[in-house]
Amino acid sequence: MIEDHDILNVDAPELSAAERFYLPQILDGMGTTIRHMGHSLFKRPMTVQYPEERRELRVENYRGVHRLNRDEQGRVACVACFMCATACPANCIHIEGAEAPWDDREKYPAKFDIDELRCIYCGMCEEACPVDAIELTPRYDLVGRTRAEMILDKEELLVIYDQTKGEKARKNPPITGYPRMAGAAALDPESETEGEQA
Ligand code: SF4
Ligand code: SF4
């Protein structure tokens, strides 16, 4: 219950004779309109014709849509350690690990989904990843017609890597395989194509 001493009465200020006609406010508003009109006519427009035109990002480390990186052999770099999903405060990463078909790691993600609508783009997942497999890209224009379309699966995240690898390099040099087993036999020669490798 609100006590009387917590209630603050606010009285309307007394208006002068000019203010009662609202002339100062009208002139003030017109001044603002004219100032913006002059700005539009004589200075560079502040608007951009999106999506044909795009503003340059003002921060280098902008955290946009995720991508799943590939290793040097084009395979998904993720080793299904669940560190990103554990670190994620929004609980929007879902991974199903499976035995890796390659000799240089134990596991790989059979399923890897990120709900981009639940994500708060904090970057904790990329900080947690021991092999720099997950990263946030500078892309900000992700659209979908349904909530389901905003849940990106492994293949979609790999496609984003293919599209953005020129826009943002991986933080660290690519790691060949799982760090613990670096130097071990790296590649299954039967899995050469990217689609099969993912
Ligand atoms: S950016 Fe943050 S909220 Fe989004 S998936 Fe990564 S850890 Fe989760
Ligand atoms: S993306 Fe990185 S942190 Fe997440 S499961 Fe894969 S290897 Fe682990």
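Reader: What do the buried residues of helix 5 pack against?

Author: They pack against strand 1 (66–68), strand 3 and strand 5; contact means C-beta atoms, placed from the backbone, within 7 Å. Helices (H or I, at least four residues) and strands (E, at least two) are DSSP runs, numbered from the N terminus. This is a predicted model, where local features need pLDDT of at least 70 and side-chain atom pairs pLDDT 80 or more, while totals for chains, interfaces and linings use all residues. Residues are numbered from 1 along each chain as its sequence is written, with chains lettered from A and ligands numbered from 1 in the order written.

Reader: Which residues of helix 5 are called buried, and why?

Author: Lys154, Leu157, Leu158, Ile160 and Tyr161, because each has 20 or more other C-beta atoms within 10 Å of its own. They span an arc of only 155° around the axis (taken from the directions to the C-beta atoms), so they share one side of helix 5. Asp162 and Gln163, on the face turned away, are exposed (12 or fewer such atoms).

Reader: What makes strand 3 and strand 5 a pair?

Author: Pairing takes at least two DSSP bridges, and strand 3 (residues 107–115) and strand 5 have 2, in the antiparallel sense; Ile114 has Leu152 of strand 5 as its bridge partner.

Definitions and conventions: Contact = placed C-beta atoms within 7 Å.
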